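Hi,

Here is the structure I promised to pass on to you. Have a look at it first, and then read on for what turned up in it.

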Amino acid sequence: MTERRVIVRVDATDHLVVQESEKVCQGQRLGKDETDATAPVSGIIQSIRFDTSSHEFVIIVEPA
Amino acid sequence: MVRTKRALAMSVVFIALTLIVPIVQAFDYPTPKVDTNDLSFYVPAISTAPYPLTTARKVKNVILCIGDGMGLNQVALARLRATGPEGKLHMERLPVTGLVRTHSANRLVTDSAASGTAMSTGIKTKNGMIGLAPDGSRYRTILEAVQTRGLATGLVATSAISHATPASFGAHVKSRKMEANIAAQLMDNRINVLLGGGRKVFLPKSDPNSDRKDNRDLIAEAREAGYAYVETASKLRSVQTSYLLGLFQLSGLTTVAPEPSLAMLTKKAISVLRNAGDGASGRRKGFFLMVEGSQIDWACHSNDAESCVRQTLLFDLAIKEAIDFALKDGRTLVIVTADHETGGLTIPEGTLKGTDAKAKWSSGGHTGVPVPVFALGPHAERFAGVYDNTELSKRMAQLLGVQPWPQEVE
């Protein structure tokens, strides 16, 4: 088992600056606002979903 | 060797948990299974004429309807798809219109917590904060203020009732994420009517469906405090009470039958509040009700035009219930607005049929554009013009005789 997907949650108020299938580098900003989360690892964004309960985008990153 | 095997097994379990558990937690919401292109549930207005202005001098009741994420173009798209370009939604027949600015204390683009707080307390706060100023000082909400004057109060939503918008009217917390705390505050506030989703934060942690970290059973506490508690549409229909708690899902509502519709929840809330008595003291002096079409926002975050239209029309039918009551009553002020726009929706093309109107989105988040306000009833003209969302609260407070406003709580 080598696959280790990483889940990042970002408040959905802001517009995301990344999209599905995009390559991201560790530390890269994911949302427009500077307080938003950054990519914890370098990899490819596998999926982005909106979680209604928490009002957050759930971003799944597949490490490179 | 044994230690190595154990370490290996633990690693496998850890990796499995990191892969599986968070994904399950992230998507536990019951997704509505519905044909979003089927708009046959919607009963459009027969006339497009505006409702008349009311001449009554005094406001007895206020029904504030908030479409979460409902900008002007969400209203326009729903109208085009449901009635064509010449028709009108029920909310568009309200005789007074205005525009509301929505920025928060720290951001041009607000969230529902800061905007809800602006509308409920009359002060600007930071995104994420509920019923508190940016420095943490606590401000009375319009619901709490009128409650002390003897008015009955209610909150209705298609989200969890502990979600940011309804929470902003009956709770004070640093973060909208503190939903277990919010639920407890809503119950402690003895709000007459609470209808929506979010049962999971009312259940004690001993319950497998609970999202609480303590063993408070808020449903049991509600019953002990004299609330009738319901979970189904049939129970909702038959219940007679002055204190009503209805939690129809663990999280947000599905907005699909057999669940009660937002219109049905609104009608029931009005019925309970209108008749709410307080023991020997008899009839109350009026009521304040907030109704939220919560899931317009959710549809727009997903850039789902069909769901956006459906949720806006479901909200419009709830507004129709408020309008029907207000027209008969004559002393009820109905205000329809939004906390912010979601999705940056525009309508770049389509024919004059309207039903083929195309939606284009510029964002998956909220935007900073002004939102519409529509009003009907005594002194509705006070809600015309272009103004800040804190003004909604200030104008409601003035009309309900609550002064000074805003009110900091010691």
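Let me begin with a proline: B:Pro258 sits in the loop between β6 and α9 of chain B. The peptide bond that joins B:Ala257 to B:Pro258 is cis, with omega at about 10°. Please keep in mind that this is a predicted model.

There is another cis peptide bond to look at, from B:Trp405 to B:Pro406, where omega is near 0°. B:Pro406 belongs to the segment after α12 of chain B. While you are checking backbone angles, look at B:Arg190 as well: its phi is positive, about 50°, although the residue is not a glycine. You will find B:Arg190 in the loop between α6 (179-188) and β4 (193-197) of chain B.

Now to the sheets, with chain B first. Here 10 strands make up an open sheet with mixed pairing, and their order is β5-β6-β4-β3-β7-β1-β8-β11-β2-β12. At the edges are β5 (228-230) and β12 (385-388) of chain B, each of which pairs on one side only. From one strand to the next, the twist averages 15°. Within this sheet, β8 (residues 332-338) and β11 (residues 371-376) of chain B run antiparallel and are joined by three bridges.

A:Asp11 is found opposite A:Glu56 in β4(A).

Next come the helix pairs, all in chain B in what follows. Helix α9 (residues 262-275) of chain B packs against helix α11 (residues 305-329) of chain B at an angle of about 25°, and their axes are 7 Å apart. That angle makes α9(B) roughly parallel to α11(B). Their crossing is right-handed. On the α9(B) side, the contact is made by B:Leu262, B:Ala263, B:Thr266, B:Lys267, B:Ile270 and B:Arg274; on the α11(B) side, by B:Leu314, B:Phe315, B:Leu317, B:Ala318, B:Glu321, B:Ala322 and B:Phe325. Sorted by class, the residues of this contact are nine nonpolar, one polar and three charged.

α11(B) also packs with helix α2 (residues 72-83) of chain B, here at an angle of about 90° and with 9 Å between the axes. The two helices are therefore roughly perpendicular to each other. In this contact, B:Gln74, B:Val75, B:Leu77, B:Ala78, B:Arg81 and B:Ala82 of α2(B) meet B:Ala305, B:Glu306, B:Cys308, B:Val309, B:Thr312 and B:Leu313 of α11(B). By class there are eight nonpolar, two polar and two charged residues.

One more helix pair is α3 (residues 112-121) and α12 (residues 389-399) of chain B, packed at an angle of about 25° with their axes 6 Å apart. That makes α3(B) roughly parallel to α12(B). From α3(B), B:Ser115, B:Ala118, B:Met119, B:Ser120 and B:Thr121 take part, and from α12(B), B:Asn389, B:Thr390, B:Leu392, B:Ser393 and B:Met396. What is the make-up of the contact of α3(B) with α12(B) by class? It has four nonpolar and six polar residues, and no charged ones.

Last, the aromatic rings. A search of the whole structure gives four aromatic pairs over all chains. One of them is B:Tyr227 with B:Tyr243, an edge-to-face pair at 5.4 Å centre to centre, with 65° between the planes. The pair links distant parts of the chain, 16 residues apart: B:Tyr227 is in the loop between α7 (218-224) and β5 of chain B, and B:Tyr243 is in the loop between α8 (233-238) and β6 (244-247) of chain B.

Note on methods: Residues are numbered from 1 along each chain as its sequence is written. Chains are lettered from A and ligands numbered from 1 in the order in which they are written. This is a predicted model: local features need pLDDT of at least 70, side-chain atom pairs count only at pLDDT 80 or more; totals for chains, interfaces and linings use all residues. Side-chain values use heavy atoms; hydrogens and water are left out. Axes are lines fitted to C-alpha atoms, for helices over the stretch in contact, and angles run from 0 to 180 degrees between N-to-C directions. Helices (H or I, at least four residues) and strands (E, at least two) are DSSP runs, numbered from the N terminus. Angles under 35 degrees count as roughly parallel, over 145 as roughly antiparallel, 65 to 115 as roughly perpendicular and the rest as oblique. A crossing is left-handed if the near helix is turned anticlockwise from the far one by less than a right angle, and right-handed if clockwise. Contact means heavy atoms within 4.5 Å. Ala, Val, Leu, Ile, Met, Phe, Trp, Tyr, Cys and Pro count as nonpolar, Asp, Glu, Lys and Arg as charged, and the others, Gly among them, as polar. Two strands pair if DSSP finds at least two bridges between them. Rings of Phe, Tyr and Trp (its six-membered ring) pair if their centres lie within 6.5 Å; planes under 30 degrees apart count as stacked, over 60 as edge-to-face and the rest as tilted.
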